[in-house]
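These entries record what I looked up in the structure.

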Amino acid sequence: MPPVPRPTVLAAAALLLATTTGCSLLAAPTTATPGEPAPVPPRQVVLTAAQTLDDAGSARIDVLQEGPGGRRTASGTLVWGAADEAALTVTDELGSGRLTLKDGALDLVYQGGATKHAERSTAESADPAAGAGPGGFAGGWTTALISSPGGRAYDVAQGVKLGSLGGEQLAGVTAAHYQGSAPVDELFGKDGELSAQQRASTLDWYRRHGVTAIGYDVWVGPGMRLLRLRETVRGSAGTTVTTTDVSAPGAADATPAAGG
């Protein structure tokens, strides 16, 4: 699982945010206007939004990936923390299927096909585009589907220098849009969540595909709600963009079904 945001960092971010009012300050450009309160630094906004979502314990996600390999979608509910579950409807190169996660075990069942099974640590091996090597790394698609968006946003805030693009209308509200990029070697070279073999396999995949850096966009709405994450990967085969929209689950979505 992605690391939990450190309480000391988030306490400082929350203290700063408490001194500001309205989304306009979050959405302001990085250049302060004389006489006006300074905008909250993007890193602190995203860290606080990540913690807010992680504290919620669950969310509905809608994921769209578009690139040279085609179009993929996934929709459903994630539960993290003590429960650590997922139930998603997935459409990719192999058709429509049902992806479930429970207690670290992942099952992907396509209509009319056999069940693909993997552990959380080897989730990428269940992907249609999985390659050889430890875990069959396939570009992070399957891992993203079963990872808390809050944990991923935390990693972005910690590893990527983000700048503000101002406010945008998203999901019926004004959201602050932040953007940045980081070299692949920096993002994964010291990742303590990966074993030495998994780290080597991941870095090798990006290098073979001509990817030197990954771009990230984050949208945060009123109430410090994480609304959208976007990852842009440019390589020798073209550009792949993966967008995750996050919304709070309803009561019926609180606990995903264990089976497909």
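In which strand is the place of Leu78? I worked on a predicted model, and I found Leu78 in strand 2, residues 70-79.

I next looked up the surroundings of Leu78. Its relative accessible area is 2%, and I recorded Leu78 as buried because that value is under 20%. Leaving aside residues up to four places away in sequence, I listed what Leu78 touches: Gly57, Ser58, Ala59, Ile61, Glu85, Ala86, Leu88, Leu145, Ile146, Ser147 and Pro149. Arg60 is 18 residues from Leu78 in sequence, and I read a C-alpha to C-alpha separation of 6.3 Å for this pair.

I then examined a helix pair. Helix 3 (residues 42-56) packs with helix 5 (residues 149-159) at an angle of about 160 degrees, the axes being 8 Å apart. I therefore noted helix 3 as roughly antiparallel to helix 5. Their crossing is left-handed. From helix 3, I listed Arg43, Val46, Leu47, Ala50, Leu53 and Asp54 in the contact; helix 5 contributes Pro149, Gly150, Gly151, Ala153, Tyr154, Ala157 and Gln158. By class, I noted 8 nonpolar, 3 polar and 2 charged residues in this contact.

My last entry concerns helix 7. This helix covers residues 196-208, 13 residues in number, and reaches 18 Å from its first C-alpha to its last, close to the 18 Å expected. I found Gln198, Ser201, Thr202, Leu203, Trp205 and Tyr206 of helix 7 to be buried. Their cover includes helix 6 (184-188), strand 9 (213-221) and strand 10 (225-235). After helix 7 comes Gly210, for which I noted a positive phi, near 70 degrees.

Note on methods:
Residues are numbered from 1 along each chain as its sequence is written. This is a predicted model: local features need pLDDT of at least 70, side-chain atom pairs count only at pLDDT 80 or more; totals for chains, interfaces and linings use all residues. Side-chain values use heavy atoms; hydrogens and water are left out. Axes are lines fitted to C-alpha atoms, for helices over the stretch in contact, and angles run from 0 to 180 degrees between N-to-C directions. Helices (H or I, at least four residues) and strands (E, at least two) are DSSP runs, numbered from the N terminus. Angles under 35 degrees count as roughly parallel, over 145 as roughly antiparallel, 65 to 115 as roughly perpendicular and the rest as oblique. A crossing is left-handed if the near helix is turned anticlockwise from the far one by less than a right angle, and right-handed if clockwise. Contact means heavy atoms within 4.5 Å. Ala, Val, Leu, Ile, Met, Phe, Trp, Tyr, Cys and Pro count as nonpolar, Asp, Glu, Lys and Arg as charged, and the others, Gly among them, as polar. The expected span of a helix is 1.5 Å times one less than its number of residues. Buried means under 20% relative accessible area, exposed over 50%, partly exposed in between (1.4 Å probe, protein chains only).
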